[in-house]
Amino acid sequence: MEFFLITLLNSLSYGLLLFMLSSGLTLIFSMMGVLNFAHASFYMLGAYFAYQTGMVFGFWPALFLAPILVGVIGAITERYGLRKVHKFGHVAELLFTFGLAYVIEEVVHLIWGRAPVDYRIPESLNFTLFTLFNTQYPAYRAFMMLVSVGMLVSLYLVLTKTRIGLIVQASLTHPEMVQALGHNVPRVFMLVFAGGCALAGLAGVLGGNLFITEPGMAFSVGSIVFVVVVVGGMGSLVGAFIASLLIGSIQTFSVGFDLSFIDLMAGLGVIIDSNSSWYAGLSITISQTAPVLPYLLMVLMLIVRPRGLMGTRET
Amino acid sequence: MTEIMLRVSDLNAYYGKSHVLQGVDLHIRSGEIVSLLGRNGVGRSTTVKAIMGQVEHTGEINFQNQSLSGLQSHEIARKGLGYVPENRDIFPTLTVRQNLLLGLKSDQKESRWSEEDMYDLFPRLKERLHAPAGVLSGGEQQMLTLCRTLMGNPELVMIDEPTEGLAPKIVEQMATLFEEISKRGVSILLVEQKLTIALRISQRLYVMGHGQIVFEGSPSELQADESIRKEWLEV
């Protein structure tokens with residue numbers, strides 16, 4: 001029970017963080033039809049910017065400054081990069097974002113070096129919020145959840161209740177028509193791209209100190225975010241939300257299980273002889289398979305339901 | 001004669017290597033209803049899309065004494081050109097009212113059309129105000145698309161195949177509405193395949209064939225010219 005509750009809370013906070021990343025990616029994908037390979041690099045920039053501005057102004061101003069900075073870089077990327085590349089087609093756009101991911105990584109190497117930086121959880125949030133049975137639950141994780149839920153609610157309100165949100169929604173499916181009605185769709189694209197990057201940046205601010213802030217963080221998180229978007233369905237926010245929580249839980253729960261497949265099968269009444277040729281393969285524990293499970297889920301999803309849980313696009 | 005509102009001269013456009021518009025010339029005067037007729041694939045829709053800035057083209061397009069060359073589609077819309085595309089393009093997940101309100105431009109000050117006007121013209125829309133637009137029937141969607149464009153207060157509205165696939169009764173309603181729009185001083189460029197309503201409500205008609213204008217004249221002139229109708233219109 002204790003394991004279950006704590007792991008559930010951790011799954012939730014991790015899943016919400018994944019959604020902060022995947023929501024921006026999926027919005028950008030729906031609108032422009034291009035998968036932004038550099039999306040996780042903006043997440044990394046968020047973490048480094050928070051570390052840097054945090055040293056000067058402290059954590060709280062950094063929480064706002066870093067995502068804004070990342071958003072501005074996102075806007076510039078769209079306006080002077082992607083928009084120019086757009087007329088050469090989706091492959092060119094894809095390659096552009098792919099290259100950008102490497103450029104950002106090298107820039108991070110140059111400025112902050114190859115070793116992890118000392119970006120820490122702020123003192124004001126570094127305490128135990130409550131103790132559940134024997135496990136202490138850190139306040140920072142609760143704070144992360146709070147910010148994520150706040151962001152989720154604001155994103156929902158902006159998209160459904162404001163005029164710009166309606167323009168964004170309409171542009172997701174009919175950009176030409178929206179533009180023919182006199183709305184500046186290229187500018188809306190830029191705003192969505194910037195907004196998506198700012199969300200990724202915010203995720204970086206929150207995740208960077210909980211996990212680790214180092215130049216490899218973009219690639220390790222990036223692949224998981226792609227799994228989320230594929231499983232959830234390309235271009236579906238609801239799908240991305242469900243998939244984020246699903247992948248978050250799968251990863252968090254499986255890490256906690258120290259049972260091997262042999263134990264599992266014994267539980268089901270199947271005893272595997274230690275001389276069996278299957279023994280070595282089945283003796284690995286579930287926690288050992290944790291890193292591969294999301295990818296396995298993605299492959300299964302692509303075989304069974306290629307458009308994902310809630311996806312509308314075939315590509 | 002009233003002044004010329006839209007003048008298109010020597011309009012050329014290509015889809016890949018195929019030369020789809022081969023020097024189209026046409027004009028529309030203030031308050032006029034003009035029809036652009038022709039069979040499928042002769043370039044009528046492409047002409048309208050080129051005017052709207054959605055298709056790359058060469059040639060000169062002048063609207064209210066301003067050149068539209070090099071402008072983006074939203075800038076052209078803001079000059080006072082409205083476009084109702086053939087495939088209707090409603091925003092299916094948004095409600096009927098949200099669709100209508102997106103017809104308003106961001107800093108629009110005045111309009112000869114109010115939201116209430118739209119409901120007077122099409123009471124069906126008022127009944128379905130909060131329904132997602134995607135569940136409307138084809139005819140209702142067509143009305144919604146037209147009303148949405150009118151909300152933006154265009155001086156000239158280009159309507160592509162509005163009656164396609166609609167029941168005769170709704171086609172009649174459409175014709176009445178076009179005359180009402182025209183009464184309020186809005187010019188109409190109507191792209192049609194069928195002669196029925198075009199002959200009745202237009203002041204002038206153009207017939208297109210193979211990317212060129214092959215006939216220009218009044219409804220009675222077109223009715224008199226059997227060879228044009230045989231060669232370019234009848235199936």
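**Where two helices of chain A meet**

Modeller: In H10(A), the residues A:Ile247, A:Ile250, A:Gln251 and A:Ser254 meet A:Leu293, A:Pro294 and A:Leu297 of H14(A). By class, the residues of this contact are five nonpolar and two polar, with no charged ones. H10 of chain A covers residues 237-256 and H14 of chain A covers residues 293-304; the two pack at an angle of about 140 degrees, and their axes are 9 Å apart. An angle of that value makes H10(A) oblique to H14(A). All of this is read from a predicted model, one that scores ipTM 0.91 and pTM 0.87.

A second pairing in chain A can be set beside it. Helix H3 of chain A, residues 59-85, and helix H4 of chain A, residues 90-112, cross at roughly 140 degrees, and their axes come within 8 Å. H3(A) is therefore oblique to H4(A). From H3(A), the contact takes A:Thr77, A:Gly81, A:Leu82 and A:Val85; from H4(A), it takes A:Ala92, A:Glu93, A:Phe96 and A:Leu100. These residues divide into five nonpolar, two polar and one charged.

The C-alpha trace of chain A spans about 70 × 45 × 40 Å along its principal axes. Of its 315 residues, 42% count as buried. Taking the contacts in chain A between residues at least 6 apart in sequence, 77% join residues at least 24 apart.

One residue pair shows such a separation along the chain. A:Met55 and A:Tyr119 lie 64 residues apart in sequence, and their C-alpha atoms are 9.1 Å apart in space. A:Met55 belongs to helix H2 of chain A, residues 39-57. It counts as partly exposed because it has 13 C-beta neighbours inside 10 Å, and a buried residue needs 20 or more.

Chain B averages a pLDDT of 91, and 99% of the residues score at least 70.

B:Asp10 is not a glycine, yet it has a positive phi of about 50 degrees. B:Asp10 sits in strand E1 of chain B, residues 4-15, and is partly exposed, with 13 other C-beta atoms within 10 Å. B:His210 likewise has a positive phi, near 50 degrees, in a residue other than glycine. B:His210 is placed in the loop between strand E9 (204-209) and strand E10 (212-217) of chain B. With 14 other C-beta atoms within 10 Å, B:His210 is partly exposed.

Definitions and conventions. Residues numbered from 1 in each chain as written. Chains lettered and ligands numbered in written order. Predicted model: local features only at pLDDT ≥ 70, side-chain atom pairs only at ≥ 80, totals over all residues. Buried ≥ 20, exposed ≤ 12 C-beta atoms within 10 Å, placed from the backbone. Contact = placed C-beta atoms within 7 Å. pLDDT = per-residue confidence, 0-100. Axes fitted to C-alpha atoms, helices over the stretch in contact; angles between N-to-C directions. Helix = DSSP H or I, 4+ residues; strand = E, 2+ residues; numbered from the N terminus. Parallel < 35°, antiparallel > 145°, perpendicular 65-115°, else oblique. Nonpolar A, V, L, I, M, F, W, Y, C, P; charged D, E, K, R; others polar.
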